[in-house]
Amino acid sequence: MSSINYLPPFANSLIMHVLTNAEKLIPLRDAASLAESRRLAGMRMVTGTTSPSTRYERISVSPASCSIKSEYVIASHAFKPQYKCINYTPAWEQRKASEVFQIVDDRGHPTLPVLSATQNQGMIYRDDSGRYIGHDESNEIGYKRVLPGDFVVHLRSFQGGFAHSQYEGITSPAYTVFRAKEPTSHSDRFWKHWFMSEHFIAGLSTVTYGIRDGRSISVDEFMNTFLAFPAVEEQAAISRLLDYLDDLITLHQRKLELLRNIKKSLLDKMFA
């Protein structure tokens with residue numbers, strides 16, 4: 001039995017956000033006790049640069065209700081998260097992975113589209129992978145069915161974590177498919193971010209074996225480890241923020257690529 005505890009880096013704060021200039025994470029909720037909230041009462045904190053269009057943050061705490069309100073700006077996008085509690089911070093539950101998730105092995109669906117595992121995009125349609133993968137269609141009767149919200153332990157999970165699926169399809173019988181035992185009590189997108197986080201992937205080193213052509217995950221050992229998680233409402237709030245930041249990162253990556261192309265075109269024209 002492994003004693004590793006997979007505790008998220010944001011376990012003590014509801015929302016974490018990125019400083020655009022300092023490139024570090026700052027917790028927006030850090031009131032572990034009523035005494036702490038009283039200490040912070042009336043405090044007004046401003047961080048970042050003096051330019052309000054770059055980033056600013058204001059925090060106010062009410063000691064009576066332990067409520068925290070914060071508003072800030074990241075790259076001209078305004079956020080106004082709020083969190084309220086009654087003199088306490090809700091605790092994160094800790095349970096064995098086997099109590100939260102169950103392994104599924106549903107075969108015999110050869111007409112479903114084949115899904116491929118990726119390190120960054122989770123499960124995608126094989127036809128969208130951009131590379132040819134030779135296969136024998138007659139073997140697909142033995143492929144495992146994957147449903148939206150499921151997770152897949154694949155051959156490169158030791159590098160990219162567990163792959164989350166948004167689609168229904170079938171995947172290699174060499175992979176392990178698992179899902180939440182009580183889907184309404186968990187946000188699969190919360191677990192998606194957690195299972196692909198650097199902290200979680202680093203922890204997988206205790207349940208991997210083999211060093212030649214990659215490493216295999218011992219699913220049985222993983223199921224015997226402990227996971228910490230908040231209530232489903234808080235899971236949903238965390239996943240919404242992280243999804244938004246992913247979208248924001250993608251948007252700026254596209255802008256960056258466009259600017260690089262413009263620069264390249266100008267250089268080509270000037271020095272042709």
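1. Helices and strands first: the protein chain has seven helices and 19 strands. Both are DSSP runs numbered from the N terminus, with at least four residues (H or I) for a helix and at least two (E) for a strand.

2. Keep in mind that this is a predicted model, where local features need pLDDT of at least 70, side-chain atom pairs count only at pLDDT 80 or more, and totals for chains, interfaces and linings use all residues. Residues are numbered from 1 along each chain as its sequence is written, and side-chain values use heavy atoms, leaving out hydrogens and water.

3. On burial, 40% of the 272 residues of the protein chain count as buried (under 20% relative accessible area, 1.4 Å probe, protein chains only).

4. Now for contacts, meaning heavy atoms within 4.5 Å. Take those in the protein chain between residues at least 6 apart in sequence: 65% of them join residues at least 24 apart.

5. Aromatic rings deserve a look, with 21 aromatic pairs in the whole structure. Rings of Phe, Tyr and Trp (its six-membered ring) pair if their centres lie within 6.5 Å; planes under 30 degrees apart count as stacked, over 60 as edge-to-face and the rest as tilted.

6. Why is the pair Phe162 and Phe178 edge-to-face? Because the ring planes of Phe162 and Phe178 stand at 85°, with the centres 5.6 Å apart. This pair links distant parts of the chain, 16 residues apart: Phe162 is in the loop between helix H3 (157-160) and strand S14 (163-164), and Phe178 is in strand S16 (residues 176-180). Phe162 is buried at 1% relative accessible area, and Phe178 is buried at 0%.

7. Ring pairs also build a cluster, whose members include Phe162, Phe178, Trp191 and Trp194.

Technical notes. Buried < 20%, exposed > 50% of the residue type's maximum accessible area, 1.4 Å probe, protein only.
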